[in-house]
Each structure stands twice: as C-alpha cells, then as structure tokens.
Amino acid sequence: PGFQKIEQSLIARYAVTPTVPKDVQLSAFLNVTYFGDENGQEVKGFTNAAQVYFGKAVSELSQDEFLGLVAMLIAPNDLKPRPDNPKNTVRVARIKKMIAGQCEPHGLMDVQLDACK
C-alpha cells in the first residue's frame with residue numbers, strides 16, 4: 001500500500017523492461033525486497049537482511065543462511081530465520097530438496113512447495 005506500491009510500480013515501469021539487462025533487473029529487485037520488520041524498522045534488500053538477521057555480509061552467509069533469507073520471501077514476518085522458528089527451517093529443507101531435484105512445485109502457485117515435504 002501507499003509508497004511501497006508506488007515504488008513497486010516505478011520499478012516495474014523503468015527497471016523490468018526488455019531493454020534493461022536481466023542483471024540490472026535482478027539487482028533492483030534484490031535491493032528493495034521486503035524482509036519483514038525488526039525492532040520497529042522495515043528490513044529491505046538482501047544486504048540489509050543478511051546484516052540484520054545474521055550480522056554478516058551476503059558474501060559471508062552459509063548456504064543455509066542464504067536459503068533462510070530466500071525462504072522468508074513469501075511471508076517475511078512469519079518466516080524469519082531464527083533458531084526458534086521451525087517454519088523457516090522446514091521451508092529451507094523444502095527449497096534444498098527442490099534445488100537437489102528431489103521434488104518440483106505443483107505449478108506456479110505452489111509457493112509453499114507442498115510436493116517437497
């Protein structure tokens with residue numbers, strides 16, 4: 001809502017076009033992606049999320065830590081990568097199964113990766 005919708009619309013209009021290279025589009029996405037609220041502040045972008053949730057630069061993250069950030073994209077506040085949050089751990093395990101070719105999503109709308117249980 002509000003400014004977030006405007007920001008999203010501007011990115012869609014000016015960054016996600018056939019004339020803009022894919023790496024530029026991906027970079028724009030990675031820098032504005034919402035990663036929940038922490039201590040009353042919005043966390044945006046993979047760089048900030050890595051620092052907030054792990055105290056590290058993205059390049060220093062382990063594979064599981066990186067996948068922990070990826071896992072939270074569908075529900076940032078519910079899937080925070082915390083030791084006491086089994087939801088994130090389960091989702092990371094499903095993503096790892098998908099990456100290993102052990103399962104596939106049931107179509108484009110299967111963001112929960114139900115086939116990877």
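Colleague: How many helices and strands are there in the protein?
Modeller: This is a predicted model. From the N terminus on, its elements run α-α-β-β-α-α-α. The count is five helices and two strands.

Colleague: What share of the 117 residues is buried?
Modeller: Buried means under 20% relative accessible area. By that cut-off, the buried share of the 117 residues is 30%.

Colleague: Of the contacts with a separation of 6 or more, what share comes from residues 24 or more positions apart?
Modeller: Take the contacts in the protein with a separation of 6 or more. Residues 24 or more positions apart account for 27%.

Colleague: Where does Phe-46 lie, and is Phe-46 buried or exposed?
Modeller: Phe-46 belongs to helix α3, which spans residues 46–54. Its relative accessible area is 8%. The cut-off for buried is under 20%, so Phe-46 is buried.

Colleague: Which residues does Phe-46 touch, leaving out those up to four places away in sequence?
Modeller: Phe-46 also has Val-32 at 8.2 Å, C-alpha to C-alpha, 14 residues apart in sequence. With residues up to four places away left out, Phe-46 touches Leu-30, Phe-35, Val-58, Phe-66, Leu-69, Val-70 and Leu-73.

Colleague: How many aromatic pairs are there?
Modeller: Ring centres must lie within 6.5 Å to pair. By this rule the count is two.

Colleague: What is the geometry of the pair formed by Phe-35 and Phe-46?
Modeller: The ring centres of Phe-35 and Phe-46 are 4.8 Å apart, and the planes make 80°. Planes over 60 degrees apart count as edge-to-face. The pair of Phe-35 and Phe-46 is therefore edge-to-face.

Colleague: Which elements does that pair of Phe-35 and Phe-46 link?
Modeller: The pair links distant parts of the chain, 11 residues apart. Both Phe-35 and Phe-46 are buried. Phe-35 is in strand β1 (residues 34–38), and Phe-46 is in helix α3.

Colleague: Which residues form the aromatic cluster?
Modeller: Phe-35 and Phe-46 make an aromatic pair. One aromatic cluster holds both, along with a further Phe. The members are Phe-35, Phe-46 and Phe-66.

Colleague: How are α3 and α4 oriented to each other?
Modeller: Helix α3 (residues 46–54) and helix α4 (residues 63–71) pack with axes 11 Å apart, at about 115°. Angles of 65 to 115 degrees count as roughly perpendicular. The crossing is right-handed. The two helices, α3 and α4, are therefore roughly perpendicular.

Colleague: Which residues make the contact of α3 with α4, and what are their classes?
Modeller: From α3 come Phe-46, Ala-49, Ala-50, Tyr-53 and Phe-54. From α4 come Glu-65, Phe-66, Leu-69 and Val-70. By class, this contact of α3 with α4 has eight nonpolar, no polar and one charged residues.

Colleague: How are α4 and α5 oriented to each other?
Modeller: The axes of α4 and α5 come within 9 Å. They cross at roughly 105°. That makes α4 and α5 roughly perpendicular.

Colleague: Which residues make the contact of α4 with α5, and what are their classes?
Modeller: On α4 they are Asp-64, Leu-67, Gly-68, Val-70 and Ala-71. On α5 they are Asn-88, Arg-91, Val-92, Ile-95, Lys-96 and Ile-99. The contact of α4 with α5 has, by class, six nonpolar, two polar and three charged residues.

Colleague: Is Asn-39 buried or exposed?
Modeller: Asn-39 sits in the loop between β1 and β2 (41–44). Its phi is near 55°, a positive value in a residue other than glycine. Its relative accessible area is 76%. The cut-off for exposed is over 50%, so Asn-39 is exposed.

Colleague: Is Leu-113 buried or exposed?
Modeller: Leu-113 is found in the segment after α5. Leu-113 is not a glycine, yet has a positive phi of about 55°. With a relative accessible area of 5%, Leu-113 is buried.

Colleague: Which residues does Lys-117 touch, leaving out those up to four places away in sequence?
Modeller: Lys-117 lies in the segment after α5 (86–99). Lys-117 is exposed, with a relative accessible area of 63%. Lys-117 and Ala-93 are 24 residues apart in sequence and 8.4 Å apart in space, C-alpha to C-alpha. With residues up to four places away left out, Lys-117 touches Arg-94 and Lys-97.

How values were computed: Residues are numbered from 1 along each chain as its sequence is written. This is a predicted model: local features need pLDDT of at least 70, side-chain atom pairs count only at pLDDT 80 or more; totals for chains, interfaces and linings use all residues. Side-chain values use heavy atoms; hydrogens and water are left out. Axes are lines fitted to C-alpha atoms, for helices over the stretch in contact, and angles run from 0 to 180 degrees between N-to-C directions. Helices (H or I, at least four residues) and strands (E, at least two) are DSSP runs, numbered from the N terminus. Angles under 35 degrees count as roughly parallel, over 145 as roughly antiparallel, 65 to 115 as roughly perpendicular and the rest as oblique. A crossing is left-handed if the near helix is turned anticlockwise from the far one by less than a right angle, and right-handed if clockwise. Contact means heavy atoms within 4.5 Å. Ala, Val, Leu, Ile, Met, Phe, Trp, Tyr, Cys and Pro count as nonpolar, Asp, Glu, Lys and Arg as charged, and the others, Gly among them, as polar. Rings of Phe, Tyr and Trp (its six-membered ring) pair if their centres lie within 6.5 Å; planes under 30 degrees apart count as stacked, over 60 as edge-to-face and the rest as tilted. Buried means under 20% relative accessible area, exposed over 50%, partly exposed in between (1.4 Å probe, protein chains only).
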